[in-house]
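Have the structure open while you read.

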Amino acid sequence: MLIVAIIIKLDSKGPVLFKQDRIGKNKKIFKVYKFRTMRVDTPNNVPTHMLDNPDFYITKIGKFLRKTSLDELPQLLNILKGNMAFVGPRPALYNQDDLVALRDKYHANDIKPGLTGLAQVKGRDELPIKIKAQYDGEYIKKLSIWFDIKICFMTLK
């Protein structure tokens with residue numbers, strides 16, 4: 001993590017960590033920590049896919065960090081604080097009302113969000129919101145330590 005932090009500082013101006021409001025267990029808002037992968041002048045609280053030209057805002061090292069998911073490592077702090085689990089539905093942005101509403105249907109907002117999850121290993125941000133929520137619901141139905149272990153191995157792959 002120290003090496004990543006140094007590379008971020010060398011690559012672009014601004015803080016190493018990025019904090020953002022996300023939806024946690026029982027829809028309680030918490031601050032999620034990530035390594036900063038975008039320029040400091042990026043519009044706040046806008047999902048990357050909703051930016052007009054996302055590549056314009058992503059830093060050189062940011063592309064690599066996102067592709068390898070190394071930008072997510074600071075979320076280990078969220079796990080230690082009790083806001084997140086290793087496995088669960090990825091935490092939605094506080095303003096992603098459509099995803100939050102669909103997750104209510106599947107009871108996915110009733111558990112801690114995870115560093116990784118079923119939707120994450122099945123397609124990440126490439127998935128439409130409806131399909132992502134369905135995977136979150138499938139995760140809830142299959143919830144077990146063995147399923148979590150399987151998802152961890154799928155994440156590493």
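What follows goes through the pockets, the cavity, the helices and the aromatic pairs.

The model is predicted, so to speak from the start: local features need pLDDT of at least 70, side-chain atom pairs count only at pLDDT 80 or more, and totals for chains, interfaces and linings use all residues. Residues are numbered from 1 along each chain as its sequence is written, and side-chain values use heavy atoms, with hydrogens and water left out.

**Empty space**

Rolling a probe the size of a water molecule over the atoms shows where empty space is left. Here that is done on a 1 Å grid over the protein atoms alone: a cavity is a set of points where a 1.4 Å probe fits but cannot get out, while a pocket is an open set with protein on both sides within 12 Å along at least five of seven lines, and lining residues have an atom within 4 Å of a point. Points are joined across faces, edges and corners, and a volume is the space filled by probe spheres set on them.

| Space | Volume | Lining by class |
|---|---|---|
| Largest pocket | about 1200 Å³ | 18 nonpolar, ten polar, 16 charged |
| Second largest pocket | about 560 Å³ | eight nonpolar, five polar, three charged |
| Largest cavity | about 50 Å³ | six nonpolar, two polar, two charged |

For the classes, Ala, Val, Leu, Ile, Met, Phe, Trp, Tyr, Cys and Pro count as nonpolar, Asp, Glu, Lys and Arg as charged, and the others, Gly among them, as polar.

Which residues sit nearest the centre of the largest pocket? They are Arg22, Lys34, Thr48, Arg66 and Asp125, out of 44 lining residues. The strand β1 (17-23) gives the largest share of that lining, four residues; other elements supplying at least two include β2 (29-35), α3 (60-68) and α7 (129-141). Helices (H or I, at least four residues) and strands (E, at least two) are DSSP runs, numbered from the N terminus.

The second largest pocket has 16 lining residues, with Thr68, Ser69, Thr116, Thr155 and Leu156 nearest its centre. Two or more residues each come from β4 (114-116), α6 and α8 (145-156), and α8 has the largest share with four.

Take α8 first. Phe147, Asp148 and Ile151 are its buried residues (under 20% relative accessible area; exposed is over 50%, partly exposed in between, with a 1.4 Å probe and protein chains only). They lie on the same side of α8, because their arc (of the directions from the helix axis to the C-beta atoms) is only 100°. The face turned away from that side carries exposed Ile145, Trp146, Phe153 and Leu156.

In α5, Leu99, Val100 and Arg103 are buried. These too cover an arc of only 100°, so they share one side of α5, whereas Asp97 and Lys105 are exposed on the other side.

**Rings**

The structure holds two aromatic pairs (Phe, Tyr or six-membered Trp rings with centres within 6.5 Å). One of them joins Phe56 and Tyr57, edge-to-face (planes over 60 degrees apart), at 5.0 Å centre to centre and 85° between the planes. Phe56 is partly exposed at 45% relative accessible area, whereas Tyr57 is buried at 18%.

Note on methods: Phe/Tyr/Trp six-rings, centres within 6.5 Å; stacked < 30°, edge-to-face > 60°.
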